[in-house]
Amino acid sequence: MNKTWVRYSLGLSALVMASSAQAATVTINGVVINLCTLTPVSGTMVVDTAGTTMTTESGTGAAPATLSVVATGAAPTLTFTAPVLSGPASGATTEIRYTGSSANQGYTSAGSSASTSLIDLVTIHARVQSSTGFPSGSYAVTTTVTCGQS
């Protein structure tokens, strides 16, 4: 066999292998939609031994409410309306306080806002104080919580 032909064949094989490599750009897309889901669980208030404070923090059967927060997108801000008492007592001071991984508010009778994590469990306590006590009946403290994202 001719030596020139062998060299030419080997050179052509190397050229074919080198030219078969290709480059490609790979794109990975994503869409984020701000979404916030709030899931509340009611609490229970109990009247203290003095009969002038009803609270979720002490007494047999007292339990705070909880609010589960699950969000996607931007970190949410929770906005609480001022607490409202329903029931037969009049002139009582109604307050709530809440704690979460980053949302914390001491007792207040006003509306309030706090930033929270994308996934959080917020514990909400209520306290009602009445210097004249509480007549028999059913009571409820309510606050409306909204979740905002920007």
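This is a predicted model: local features need pLDDT of at least 70, side-chain atom pairs count only at pLDDT 80 or more; totals for chains, interfaces and linings use all residues.

User: Why is S112 called buried?

Analyst: The relative accessibility of S112 is 11%, and buried means under 20%, so S112 counts as buried. S112 sits in strand β9 (residues 112-115).

User: What makes the link between S112 and Y98 a polar contact?

Analyst: The side chains of S112 and Y98 are joined at 2.8 Å, and the cut-off is within 3.5 Å for a pair of N or O atoms. S112 also touches other residues, including L78, T79 and F80.

User: How many aromatic pairs are there?

Analyst: The count is two.

User: Why is the pair of F80 and Y98 called stacked?

Analyst: The ring centres of F80 and Y98 are 3.9 Å apart, with the planes at 10 degrees. Pairing needs centres within 6.5 Å, and planes under 30 degrees apart count as stacked, so the pair is stacked. It links distant parts of the chain, with F80 in strand β5 and Y98 in strand β7, 18 residues apart.

User: And what makes F134 and Y139 edge-to-face?

Analyst: For F134 and Y139, the planes are at 85 degrees and the centres 5.7 Å apart; over 60 degrees counts as edge-to-face.

User: Are F134 and Y139 buried or exposed?

Analyst: Buried: F134 has a relative accessible area of 18% and Y139 has 17%, against a cut-off of under 20%.

Methods: Residues are numbered from 1 along each chain as its sequence is written. Side-chain values use heavy atoms; hydrogens and water are left out. Helices (H or I, at least four residues) and strands (E, at least two) are DSSP runs, numbered from the N terminus. Buried means under 20% relative accessible area, exposed over 50%, partly exposed in between (1.4 Å probe, protein chains only). A polar contact is a pair of N or O atoms within 3.5 Å; within protein, one must be able to donate a hydrogen and the other to accept it, and residues adjacent in sequence count only if both atoms are side-chain atoms. Contact means heavy atoms within 4.5 Å. Rings of Phe, Tyr and Trp (its six-membered ring) pair if their centres lie within 6.5 Å; planes under 30 degrees apart count as stacked, over 60 as edge-to-face and the rest as tilted. Lists of a residue's contacts leave out its neighbours within four places in sequence.
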